[in-house]
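Good morning, everyone, and thank you for making time for this.

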Amino acid sequence: MVTRINPSILAADFANFESELSRIRSADLVHVDIMDNHFVPNLTFGLGMVERLQQVSPLPLDIHLMIDNPERWAPGYAEAGAYSVTFHAEATTEPVALARRLRQIGARAGIALKPGTDVTPYLDLLDEFDQVLVMTVEPGFGGQSFMHETMPKLAQLRAKVHSTGLDVWLQVDGGITAQTIEIAAAAGADTFVAGSSVFGAENPAAQIDLLRQGAASHRHGAGNLES
């Protein structure tokens, strides 16, 4: 299982994105949180910013849409060249159709679940997605504490992916540190969004290495964590 670390620029210095991105070259993707002040009570970036980030980023963009009406807006991010576009299950009534549209454009299609959202309806739809994002905090704000109660949901997803042999990335986002990444990896995550713990570090590259090592050594099925 490959371990991916995707630093969230929500924790970066907004006035110096290009230099901030250069500090995380050893990461796998750049996680970009798009918030509309409707689906979540915060406002961040839009399509124009993503188009500019696409031009200067040394890494592919992992877009997380925390917005209403993703059917209207999500395709634009795929057309802008984003590697991955994830929308929220709670914001759409046609998740499969939207995922197919994103794939048709050329992006990986992801679906995100809030902490309180039941995963069961989506377990038999996993082949329609390239990634499932399990929110380990309530979406909308950075710097929140990791919610351990989301781990059974993640374990359900890992069991389904394992039993079907699908190539679906399982991502976690919220409160990821050197300690909590081990918990999430043991539950089945392979892709980790880390904001403050990376951009707040004196040496982001060393922190990325630390996170990657912690996840890899505790990943689901490794050693005494076999289940």
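Before we look at the sheet, helices (H or I, at least four residues) and strands (E, at least two) are DSSP runs, numbered from the N terminus, and two strands pair if DSSP finds at least two bridges between them. What you see is a predicted model, in which local features need pLDDT of at least 70 and side-chain atom pairs count only at pLDDT 80 or more, while totals for chains, interfaces and linings use all residues. Residues are numbered from 1 along each chain as its sequence is written, and side-chain values use heavy atoms, with hydrogens and water left out.

Here, eight strands form an open sheet with parallel pairing, in the order β1-β8-β7-β6-β5-β4-β3-β2. Because β1 (4-7) and β2 (30-35) stand at the edges with a single partner strand each, one side of each is left without a neighbour in the sheet.

Within this sheet, β7 (residues 169-173) and β8 (residues 191-194) pair in the parallel sense over three bridges, and D173 stands opposite V193 in β8.

Let me turn to the helices, where contact means heavy atoms within 4.5 Å, and where axes are lines fitted to C-alpha atoms, for helices over the stretch in contact, with angles running from 0 to 180 degrees between N-to-C directions. Helix α2 (residues 47-56) lies across β2 and β3 (61-66), running at about 165 degrees to β3.

Finally, α6 (residues 151-164) and α7 (residues 180-187) pack at about 40 degrees, with their axes 8 Å apart. In that contact, M151, L154, A155 and R158 of α6 meet I183, A184 and A187 of α7.
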